[in-house]
Amino acid sequence: MGIVLEKFHQSDFHYYFALVSDERVMAQITERSIPLEEAQGNFKALLERNQKYADSGSYKIFDASTHEYLGLGHITPDEKKGGEDEIGYMIGRSIGGRGMGQKSPEP
């Protein structure tokens, strides 16, 4: 499956909130879903980072052939540690069982 990455924009909050408000998606990340007001604040900070860094940020992940929204991926510079970036992702429950986010078998 091919994917397409697009940086989040102001009008994309519904994509972001669909993930962070889902308790099962967030179970391995924050161990809780994120309520609306907190998610709005987090999304605002995400958009600010997207504007600040041209080569990194938070991206919507879409299936290249169907344009189905799959989740979120990010490369976030750690401003405190300088030169280190965090890489992460969240995959929506609707694509469960397709092998996304799983480790590839050893050769």
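Both Lys60 and Asp12 are buried, where buried means under 20% relative accessible area, exposed over 50% and partly exposed in between (1.4 Å probe, protein chains only). In this predicted model, local features need pLDDT of at least 70 and side-chain atom pairs count only at pLDDT 80 or more, while totals for chains, interfaces and linings use all residues. Residues are numbered from 1 along each chain as its sequence is written, and side-chain values use heavy atoms, with hydrogens and water left out.

Lys60 and Asp12 form a salt bridge in which the closest N and O atoms are 2.9 Å apart, a salt bridge being a side-chain nitrogen of Lys or Arg within 4 Å of a carboxyl oxygen of Asp or Glu. Because Lys60 lies in strand β2 and Asp12 in the loop between β1 and α1, the pair ties together parts that are 48 residues apart in sequence. Helices (H or I, at least four residues) and strands (E, at least two) are DSSP runs, numbered from the N terminus. Lys60 also forms a salt bridge with Glu6, with 3.4 Å between the closest N and O atoms; since Glu6 lies in strand β1 and Lys60 in strand β2 (residues 57-63), this pair ties together parts 54 residues apart in sequence. Lys60 has a relative accessible area of 5%, whereas Glu6, at 28% relative accessibility, counts as partly exposed.

A further salt bridge joins Asp22 to Arg93, the closest N and O atoms being 2.7 Å apart. Asp22 lies in the loop between α1 and α2 and Arg93 in the segment after β4, so the pair ties together parts that are 71 residues apart in sequence. Asp22 is buried at 14% relative accessibility, while Arg93 is partly exposed, with a relative accessible area of 43%. Through shared partners, salt bridges join Glu6, Asp12 and Lys60 into one network.

The secondary structure of the chain comes to three helices and four strands, which run β-α-α-α-β-β-β from the N terminus on. In helix α1 (residues 13-20), the buried residues are Phe13, Tyr16, Leu19 and Val20. They lie on the same side of α1 because they cover an arc of only 130° around the axis, the arc being that of the directions from the helix axis to the C-beta atoms. These buried residues pack against α2 (23-26), α3 (36-52), β3 (69-78) and β4 (84-91).

Notes
Contact = heavy atoms within 4.5 Å.
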